[in-house]
Amino acid sequence: MQVGEVRKLTTLLEVSQALSNAIDLKPGLHRVLESLERHHGVLRSAVTLLQEDGGDIAIEAALGVDAAGARARFRVGEGITGKVVATGKSIVVPQVSKEPAFLHRLASRRDREISFVSVPIILDRRTVGALSVDLPWKRDLDFERTVKFLRVVASMIGQALKVHRLVAAERQRLVDENQSLRRELKERYEYANIVGGSGPMRQVFEQIAQVAQGGTTVLVRGESGTGKELIAHAIHYNSPRAQRPFVRVSCAALPETLIESELFGHEKGAFTGAHARKKGRFELAEGGTLFLDEIGELTLSTQVKLLRVLQEREFERLGGTETLKTNVRLLAATNRDVEKAIAAASFREDLYYRLNVFTIFVPPLRDRKPDVMQLADHFLARYAREHGKRIKRISTPAIDMLVSYHWPGNVRELENAIERAVVVCDGTVLHAHHLPPALQTAEASGTNPNGSLEESITAYEKSLIQDALKTTRGNRAKAARLLQTTERILGYKVQKYGIDCGRFRA
Ligand SMILES: Nc1ncnc2c1ncn2[C@@H]1O[C@H](COP(=O)(O)OP(=O)(O)O)[C@@H](O)[C@H]1O
Ligand SMILES: [Mg+2]
């Protein structure tokens, strides 16, 4: 192999290494030019690129060019480089001094006789720039081979540019998505979206406002579905940490070993299956808020570890020795009777005192009847929009049903009931029969405990039959199967209770 070939291969190897970092292209391009200088005696060189924002060409990297030259911008078609970009064809000026029309913006000194070569940089069959070099003039320079070699370098730059732009586009997409998600989250958890004008809820709002700004640990207590998570979100998004992450961990969802690695992370090899280091939620929430949902479900040994983090503000990853400092605000929620759990020794009292700095009690929905209608309207508007329905209002009998029901599942159950009703409703008014069976049988299901056992059972039986007939659209045979009875017995009861099967056929 000739000496020249070895130099070329060395250069190409260096070029490919220089361009392998897709995050930051500029230093890589600079190293490419240095390589050309080192191995091929290039005097001045530049990579010029068509700017993505318009028709201008600007220098992306240059060597041996003064600062003013490096800032130069020119138009496609202007000058030699401009022509290369415009036509996609290489240009060679063997002897610059013999070319009076030569507009050489990169050269500041003319102390030596030089040759100029510019080759196109191509990306997806489009010329997007040029690689240009000044070489010392030599009588016997083989320009064909020089151009060929530079075109190989330029094609590698084109490839790197492609990867770089894809990565940049993807990153921009992620940034945009992240911003819009944050905006959406913030909107969703603004006070305005927590509905409730009842006395107890107004008190809850006041407590959120009192506690959000500080860094106090807050324990949110209330039955399942009362809005504890919503309140935790509201505290975070109205706190100085709003721009930082909100991270939720459900303490009930995972077994003990997993929950600890979930909270504190683990090192590679900490346990079977720990193939790589993993950050825990404490680390992910750094600077933000960590919400420990259903904290009453934590085992005693995890409680001990958590307590230590709360006291010392530091922890180790599972299987790790490095001690990590943490700056997170802690919010916790539970639907458990914590005092009882302490008495039964299933919840540590010292942890409870750490969490119980500020407690918000969210009352069950049955204790804030005024909120029921407000919430129902709120969910009606939301789900009608979501499902593209034109439902305007809720009928009076349906309102009565909603208000008299005892809502064991609280707001979550109400939300589900309204969404379901919206789905089955085809008109502009939401009627009682659109509501779920549990509400239809409200009177029999304990909300109205007046009356004898026999009356209650009768009412319950009647409503069960009505539900089944509704499900089967009035088909008695199917309803009988559903209730695991015979058609004959069902027929008898339909008659006894005076149920009109035709009503369900619509
Ligand atoms: N006051 C409220 N206003 C609007 N939506 C609410 C309200 N309270 C609860 N919700 C909704 O009810 C559902 C259950 O609330 P969530 O916060 O998950 O309850 P919990 O954590 O107490 O089980 C969620 O969809 C939530 O958005
Ligand atoms: Mg919850």
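**Sheet arrangement and helix packing in the predicted model**

In this predicted model, an open sheet is built from six strands in the order β3-β2-β1-β6-β5-β4, with antiparallel pairing. The edges of the sheet are formed by β3 (73-75) and β4 (91-93), each of which pairs on one side only. On average, neighbouring strands of this sheet are turned by 25° against each other, direction ignored.

Within the sheet, strand β1 (residues 44-50) is joined to strand β6 (residues 126-136) by six bridges in the antiparallel sense. L49 has G129 of β6 as its bridge partner. A helix is also placed against this part of the sheet: α2 (residues 25-40) lies across β1, β2 (56-63) and β6. The direction of α2 is at about 60° to that of β2.

Parallel pairing is found elsewhere in the chain. Strands of a sheet pair through backbone hydrogen bonds, either parallel or antiparallel. Strand β7 (residues 218-221) runs parallel to strand β14 (residues 329-334), and four bridges join the two. In this pair, V220 stands opposite A333 of β14. β7 also pairs with strand β15 (residues 358-361), again in the parallel sense and over four bridges. Here R221 stands opposite F361 of β15.

Helix packing was examined for α13 and α14. Two packed helices are described by the angle between their axes and the distance between the axes. The axes of helix α13 (residues 369-387) and helix α14 (residues 396-404) come within 9 Å and cross at roughly 130°. On the α13 side the contact is made by K369, V372, M373 and A376, and on the α14 side by I399, L402 and V403. Of the residues in this contact, six are nonpolar, one is charged and none is polar.

Over the whole protein, 19 helices and 17 strands are present. The radius of gyration is 37 Å, whereas the globule rule gives 23 Å for 506 residues. The computed value is well over that of the rule, so the protein is more spread out than a compact globule. Taken along the principal axes, the box filled by the C-alpha atoms is roughly 115 × 60 × 45 Å.

Methods
Residues are numbered from 1 along each chain as its sequence is written. Chains are lettered from A and ligands numbered from 1 in the order in which they are written. This is a predicted model: local features need pLDDT of at least 70, side-chain atom pairs count only at pLDDT 80 or more; totals for chains, interfaces and linings use all residues. Axes are lines fitted to C-alpha atoms, for helices over the stretch in contact, and angles run from 0 to 180 degrees between N-to-C directions. Two residues are in contact if their C-beta atoms, placed from the backbone, lie within 7 Å. Ala, Val, Leu, Ile, Met, Phe, Trp, Tyr, Cys and Pro count as nonpolar, Asp, Glu, Lys and Arg as charged, and the others, Gly among them, as polar. Two strands pair if DSSP finds at least two bridges between them. The radius of gyration is taken over C-alpha atoms; the globule rule is 2.2 Å times the number of residues to the power 0.38.
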